[in-house]
Amino acid sequence: MIKFVGSFETVAGLPKTQFPEYAFVGRSNVGKSSLINAVVGANVARTSNTPGRTQSLNLFNVDDRVMIVDLPGYGYARVSRTDALRWLKRLEEYLITRGQLRRLFILVDSRIGARPADMDLMDFCDANGIAYQIVYTKKDKRVREHDQIQINHAAHPAMIPEILETSAEKKTGLDPIRAIIGIK
């Protein structure tokens, strides 16, 4: 049973729970909400074609055992610089202070590859000892021809070495994420 817990504007406003948390983050329009919906098998996270729609910390309770967190995207969203900086500070606060965070899934659009903003987040996680795993999304889509930044786990001490590849649309690559989170 998946329950929407709420949208929270501040880290301090998040409920205090004993449940482990698994958070999803990535550039705007990477498919975070679609992937969350595919992983849990229900349309619980709002999806949109407009980048930057997720603006709060959205929590979902799974079977009163784990929490899934849909974090606001970064990068492409058309928001003011003030809002973008506020979101970044909130993300950093969440990552540093949320003791029940077990893993951060950093989503990267497989058609585009990692961008400098993704690398900056990875460096932040490495510097602060925050365990994260790269998840390529949209593996069913055609790859654009251009140079992609290669992600080398040896250069990132907090990164889980296995890079996952998914397609929310085709429902592929979801089982490893479900196994990590502990859901069926």
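**Contacts and cores**

Student: Let's start with Glu21. What does the side chain of Glu21 make a polar contact with?
Tutor: This is a predicted model, so keep that in mind. The Glu21 side chain makes a polar contact with the side chain of Tyr94, at 2.7 Å.

Student: Is Glu21 buried or exposed?
Tutor: Buried. Its relative accessible area is 0%, and the cut-off for buried is under 20%.

Student: Where is Glu21 found?
Tutor: In strand E2, which covers residues 21-26.

Student: And what else does Glu21 touch, leaving out residues up to four places away in sequence?
Tutor: Tyr94 is on that list too. Others include Leu59, Met67, Val69, Arg98 and Arg102.

Student: Switching to Val25. Which strand is Val25 found in?
Tutor: Strand E2. Val25 counts as buried, at 0% relative accessibility.

Student: How far apart are Val25 and Ile106?
Tutor: They are 81 residues apart in sequence. In space, the C-alpha to C-alpha distance is 5.2 Å. Val25 also touches Ile106, and its contacts include Leu71, Leu91, Leu104 and Leu121.

Student: Now the cores. Which residues of the largest nonpolar core touch the most other members?
Tutor: Leu71, Tyr94, Leu95, Leu104, Ile106 and Tyr132. That core has 32 residues.

Student: Which elements each supply at least two residues of this core?
Tutor: E2, E3, strand E4 (66-70), helix H2 (81-97), strand E5 (101-109), helix H3 (116-128) and strand E6 (132-137). H3 gives the largest share, five residues.

Student: What lies apart from it?
Tutor: Another core, of 22 residues. Val39, Phe105, Ala168 and Ile183 are among them.

Student: New topic, rings. How many aromatic pairs does the count come to?
Tutor: Two. In one of them, the rings of Phe4 and Phe60 have centres 5.4 Å apart.

Student: Why is the Phe4 and Phe60 pair tilted?
Tutor: Because the planes sit at 50°. Under 30 degrees would be stacked, and over 60 edge-to-face.

Student: Which parts does the pair tie together?
Tutor: Phe4 lies in strand E1 (residues 2-8), and Phe60 in strand E3 (residues 57-62). So the pair ties together parts 56 residues apart in sequence.

Key: Residues are numbered from 1 along each chain as its sequence is written. This is a predicted model: local features need pLDDT of at least 70, side-chain atom pairs count only at pLDDT 80 or more; totals for chains, interfaces and linings use all residues. Side-chain values use heavy atoms; hydrogens and water are left out. Helices (H or I, at least four residues) and strands (E, at least two) are DSSP runs, numbered from the N terminus. Buried means under 20% relative accessible area, exposed over 50%, partly exposed in between (1.4 Å probe, protein chains only). A polar contact is a pair of N or O atoms within 3.5 Å; within protein, one must be able to donate a hydrogen and the other to accept it, and residues adjacent in sequence count only if both atoms are side-chain atoms. Contact means heavy atoms within 4.5 Å. Rings of Phe, Tyr and Trp (its six-membered ring) pair if their centres lie within 6.5 Å; planes under 30 degrees apart count as stacked, over 60 as edge-to-face and the rest as tilted. A nonpolar core is a set of buried Ala, Val, Leu, Ile, Met, Phe, Trp, Tyr and Cys residues joined through side-chain atoms within 4.5 Å.
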